[in-house]
Amino acid sequence: MSAFLVEDVVAAIGGSLLLGDPQATTTGLTTDTRALCGGELFLALSGPRFDGNDFAEAALAGGASALVLRREDGLAERLAPAIAATGR
């Protein structure tokens, strides 16, 4: 799979970049932190029994290059120290 820019993902989904480098690249995407490969974008889906945002920290720990969160309730700000620690 070819790499793509975070800013292109943000534009494609009509989202907002809350933290990070819009020029960062990602090599793919996943919705499951158990299957995440370093450099992939984590897409936080939600369903009737789970909220993908609950797995954002696990995605960072697993090497996600970017996170797409379903909602913004201060999660990005709470994750900022963990993001900074990864150097991403």
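This is a predicted model: local features need pLDDT of at least 70, side-chain atom pairs count only at pLDDT 80 or more; totals for chains, interfaces and linings use all residues.

Me: Which residues of helix α1 are buried?

Reply: In α1, which spans residues 6-13, the buried residues are V6, V9 and V10.

Me: What makes these buried residues line one face of the helix?

Reply: When α1 is viewed down its axis, the buried residues fall within an arc of 100 degrees, and therefore they line one face. The face turned away from that buried side carries A11 and A12, which are exposed.

Me: What covers the buried residues of α1?

Reply: The cover includes β1 (4-5), β4 (41-43) and β7 (66-68).

Me: Which residues make up the largest nonpolar core?

Reply: The largest nonpolar core consists of six residues, namely V6, V9, V10, L41, A66 and V68. At least two residues of this core come from each of α1 and β7. The largest share, three residues, is supplied by α1. As a general matter, nonpolar side chains in soluble globular proteins tend to be buried together.

Me: Why is E40 called buried?

Reply: The relative accessible area of E40 is 14%. The term buried applies under 20%, so E40, at 14%, is buried.

Me: Where is E40 placed, and which residues does E40 touch?

Reply: E40 is in the loop between β3 (29-30) and β4. Not counting residues up to four places away in sequence, E40 touches T26, T27, G28, L29, T30, A35, G63, A64, S65 and A66. For A66, leaving aside neighbours within four places in sequence, the contacts are V6, E40, L41 and F42.

Me: How do you know that the side chain of E40 makes a polar contact with the backbone nitrogen of C37?

Reply: A polar atom of the E40 side chain lies 2.9 Å from the backbone nitrogen of C37. A polar contact requires a pair of N or O atoms within 3.5 Å, and the value of 2.9 Å meets that distance cut-off.

Me: Why are β3 and β4 said to pair?

Reply: Pairing requires at least two bridges. β3 and β4 have two bridges, in the parallel sense, so they pair. The bridge partner of L29 is L41 in β4.

Me: What makes β3 and β7 edge strands?

Reply: The open sheet has three strands, in the order β3-β4-β7, with parallel pairing. β3 and β7 each pair on one side only, and they are the edge strands.

Conventions:
Residues are numbered from 1 along each chain as its sequence is written. Side-chain values use heavy atoms; hydrogens and water are left out. Buried means under 20% relative accessible area, exposed over 50%, partly exposed in between (1.4 Å probe, protein chains only). Helices (H or I, at least four residues) and strands (E, at least two) are DSSP runs, numbered from the N terminus. The arc is that of the directions from the helix axis to the C-beta atoms. Contact means heavy atoms within 4.5 Å. A nonpolar core is a set of buried Ala, Val, Leu, Ile, Met, Phe, Trp, Tyr and Cys residues joined through side-chain atoms within 4.5 Å. A polar contact is a pair of N or O atoms within 3.5 Å; within protein, one must be able to donate a hydrogen and the other to accept it, and residues adjacent in sequence count only if both atoms are side-chain atoms.
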